[in-house]
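User: I have a model open and want to know what stands behind the terms used for it. Please set each value against its cut-off.

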Amino acid sequence: MNELHISRRIYTKDKLDTLFEVQETPKESLLTRLRKQCYCSKRRTWKCLTSFFPIIKIVKDYKKDYVLRDLIAGLTVSFMHLPQGLAFSVLAGLPAVFGLYTTFFPLLFYTFFGTSPYVAFATNAVIALIVQKIVLSEADLFKSSLLNSGTNTTVFLNMTDINNNSSNLVTNGISEYDIIANKASTAMAASLLVGIILTTLGLLRLGFLLTYMSESFIGGFTTAAGIHIVSSQVPKMFGIEVSAHTGAGKLVKMYVELFSNLEKTVVSDVVITVICIAVILVVKVCVNDRFKKRMKIPIPIDLIVVVVSTLISHFAKFEENLGVDVIGDIPSGFRPPAVPSLDIAPRILVDCFVMAILTLMLTISLAKLTAKTHDQRINDNQEMVAYGLTNILSSFFSCFPQSATPSRTMLDSDLGAKTTLNSLPTIVFMLLVILWIGQLFNSLPMSVLAAMITVAMKNLILQFGDLPKIWRINKLDFFIWMISCFVSVLVNLDYGIIAGIAFSIISVVIQHQVSSGILIGQAGNENVFLDFEKRKNVRDHESIKIFRFQAPLYFANAGQFKTQINRKVIDPMKLKKLSKKKTVALEMGNGQSSENSKLSEDIESGMASKKLAQSTIHYIIIDCQMISHIDLSGTSMLSQVIKEYKSVEIEIFLTNCSSVFLDTLTSAGVFENFPSESVFYDISDALHFIQKSKDSETAEAL
């Protein structure tokens with residue numbers, strides 16, 4: 001058996017401070033620090049330039065070996081960008097062409113500012129769902145304002161080139177172009193606000209805000225978002241038109257309306273949906289996933305389904321003969337740049353902040369995951385700025401908010417893309433689609449897009465399978481997941497976010513409130529200390545108790561600290577009362593009647609015997625290694641505990657104290673009444689000191 005023998009001196013706090021003095025770091029003024037940072041050199045200029053525009057360094061260091069990998073990755077991912085761009089644009093409540101714009105421009109801008117070669121920054125289903133909410137809400141307000149004013153004027157944007165081959169329908173005096181223009185303007189404003197928020201977070205290094213979003217909250221929320229996304233496509237699957245519900249309980253209202261109109265089901269849409277879902281699932285699960293390692297390029301089943309279904313729909317005239325709803329005219333070419341209107345900013349700011357945080361959370365996590373897979377590093381702060389600038393610049397080109405898409409990002413990673421330039425083939429492909437190819441998809445059935453969106457949510461919905469594991473790991477995480485999910489589903493996503501984050505923060509307080517203290521003992525004669533109650537062959541020390549508090553000590557759990565040490569070790573106030581009663585009992589027994597003597601014996605035997613074992617404790621060692629933080633309330637409670645035990649002649653020792661912990665005790669004046677000699681380096685030092693004290697007392701007694 002391997003053994004370790006350690007020989008060293010016994011260290012108290014004072015001895016450590018004497019032998020190993022704390023180095024005083026000279027404090028510099030803010031002006032001095034600013035002067036040091038404000039300088040210019042060729043190296044610093046190059047570093048700043050390449051940090052803000054990583055593409056400069058990428059192009060400079062580009063190798064011929066990268067060309068093939070980047071080309072294959074870019075072309076392969078293109079086949080996913082096209083169908084998902086169309087689908088997620090419809091999900092966002094916008095004409096399909098906006099999905100093409102929101103694929104082309106974000107990919108172009110991220111190539112200049114991004115650092116991850118794998119992140120596919122374009123349309124995202126979760127973000128599109130929130131865009132749908134604000135787009136429909138603002139459209140309803142716009143309709144109400146036009147009806148109340150009695151006007152019929154195209155505003156916000158000139159959208160006559162979106163569907164230049166279709167008639168400008170007018171309903172209740174409201175032009176269809178006006179509604180589309182309002183939706184586009186809202187989406188562009190949302191993209192601009194999301195970009196501003198993300199850029200600000202990146203420049204101010206505020207990425208730590210993500211720490212308030214636990215994995216359980218993210219899992220519950222994204223699962224609920226998947227349910228919302230699938231539910232939004234159910235009416236399209238049945239060919240039933242339902243009202244645009246907003247606010248709390250919108251999902252429930254939608255299903256109530258849907259089920260009340262089931263007799264209007266278009267059987268053709270249902271059949272198309274079932275066939276498409278079955279085909280896509282079979283190919284993705286049974287072929288692409290199963291033979292992933294053997295296939296250099298996965299089968300682009302989404303694109304194949306879109307092309308085939310479009311051809312069949314066109315030649316069979318599904319719209320005229322079967323009443324199937326199709327995607328309609330997709331205009332060719334780009335819209336001229338336009339400045340987004342921020343008049344609606346106060347109404348959509350909260351939703352934009354949510355989208356910004358979700359974009360940051362989803363994209364950074366994917367970027368770090370893929371970087372770890374390929375042993376690479378990404379610049380977190382530059383990534384945040386890149387997401388922000390991409391959203392800002394894209395907002396001028398009729399784009400809605402963007403984020404990374406897991407499926408396309410992981411595909412880039414699997415194909416081994418080398419640089420961000422792998423997006424160039426995708427950009428060229430999307431350019432061809434926008435200029436010429438897009439018009440060929442006019443006959444694409446909406447139910448096909450609904451089927452694609454539904455299958456894309458498969459992994460999100462399957463997160464329900466993680467619940468048993470989460471329950472085994474941590475019960476509070478399980479409830480965070482459930483609350484985030486079901487509040488989001490039954491009420492709405494924004495309420496789910498509030499509830500999930502609130503309960504996540506409350507759970508931290510709860511865990512600290514119920515923080516347990518434990519008694520620890522020594523493992524045989526070795527310098528190893530374990531939980532005395534849970535471990536076998538762990539011995540206790542005579543007249544010594546070692547107590548460990550397993551949480552920071554602050555205002556929320558200071559009372560719990562005192563309760564735990566009193567319960568686990570001994571309550572000094574009860575011991576003091578017992579001592580007084582024993583004194584009274586002895587006085588009553590001296591020279592009193594037999595009845596009084598009997599009464600004193602009852603008191604002594606009935607009460608004192610219960611504390612007999614505990615009353616032999618003379619020393620308590622408080623192990624502070626898990627107390628990472630202590631505040632004013634904590635120091636006050638610690639001082640009170642030390643004082644109460646001192647009143648019953650029980651001495652307190654502190655061990656394993658961090659420097660921050662000791663600095664706080666010093667600042668709070670704890671060492672004015674508590675000797676610093678009672679603070680030891682670790683438990684062994686305190687035990688050796690106590691043993692020597694006992695030996696010296698025994699020698700003096702002899």
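User: Why is K562 called buried?

Analyst: This is a predicted model, so each value is computed from predicted coordinates. K562 has a relative accessible area of 18%. Buried means under 20%, so K562 counts as buried.

User: What makes the contact of E644 with K562 a salt bridge?

Analyst: The closest N and O atoms of E644 and K562 are 3.1 Å apart. The limit is 4 Å between a side-chain nitrogen of Lys or Arg and a carboxyl oxygen of Asp or Glu, so the pair qualifies as a salt bridge. The pair links distant parts of the chain: E644 lies in helix 26 and K562 in helix 23, 82 residues apart. E644 is also buried, because its relative accessible area is 13% and the cut-off is 20%.

User: Which residue forms a salt bridge with K568, and is K568 buried or partly exposed?

Analyst: K568 meets E533 in a salt bridge, at 3.5 Å from N to O. K568 is in helix 23 (residues 558-568), while E533 is in the loop between strand 6 (529-531) and strand 7 (538-539), 35 residues apart. At 25% relative accessibility K568 falls between the 20% and 50% cut-offs, so the term is partly exposed.

User: How do you know that K60 is exposed?

Analyst: The relative accessible area of K60 is 58%, and exposed means over 50%, so K60 is exposed. The side chain of K60 meets that of D61 in a salt bridge of 3.7 Å, N to O. D61 has a relative accessible area of 37%, so D61 is partly exposed. The whole structure holds nine salt bridges.

User: What makes strand 9 largely enclosed?

Analyst: Five of the five residues of strand 9 (residues 619-623) are buried, so the strand is largely enclosed by the rest of the structure. Y619, I621 and D623 point one way, I620 and I622 the other way, and all are buried. In a regular strand the side chains alternate between the two faces of the sheet.

User: How do you know that strand 9 pairs with strand 8 and strand 10?

Analyst: Pairing requires at least two bridges. Strand 8 (residues 544-549) and strand 9 have five, in the parallel sense, so they pair. K545 has I620 of strand 9 as its bridge partner. Strand 9 and strand 10 (residues 651-655) also pair in the parallel sense over five bridges, and I621 stands opposite F653 of strand 10. From strand 9 the chain crosses through helix 26 (residues 632-647) to strand 10, in a right-handed β-α-β crossover.

User: Why is S447 called buried, and what is it in contact with?

Analyst: S447 has a relative accessible area of 0%, so it is under the 20% limit and counts as buried. S447 sits in helix 18 (residues 446-456). Leaving aside neighbours within four places in sequence, S447 is in contact with K236, D269, I272 and T273.

User: Which residues touch the most other members of the largest nonpolar core?

Analyst: L86, M355 and L449 do, in a core of 104 residues. Helix 14 (residues 345-373) supplies the largest share of this core, 15 residues. Leaving aside neighbours within four places in sequence, L86 is in contact with A96, L100, I327, I330, L444 and L449. A second, separate core has 35 residues, including F561, V569, I630 and V648.

Terms used: Residues numbered from 1 in each chain as written. Predicted model: local features only at pLDDT ≥ 70, side-chain atom pairs only at ≥ 80, totals over all residues. Heavy atoms only, no water. Helix = DSSP H or I, 4+ residues; strand = E, 2+ residues; numbered from the N terminus. Buried < 20%, exposed > 50% of the residue type's maximum accessible area, 1.4 Å probe, protein only. Contact = heavy atoms within 4.5 Å. Core = buried A, V, L, I, M, F, W, Y, C linked by side-chain atoms within 4.5 Å. Right-handed = clockwise from strand over helix to strand, strands pointing away.
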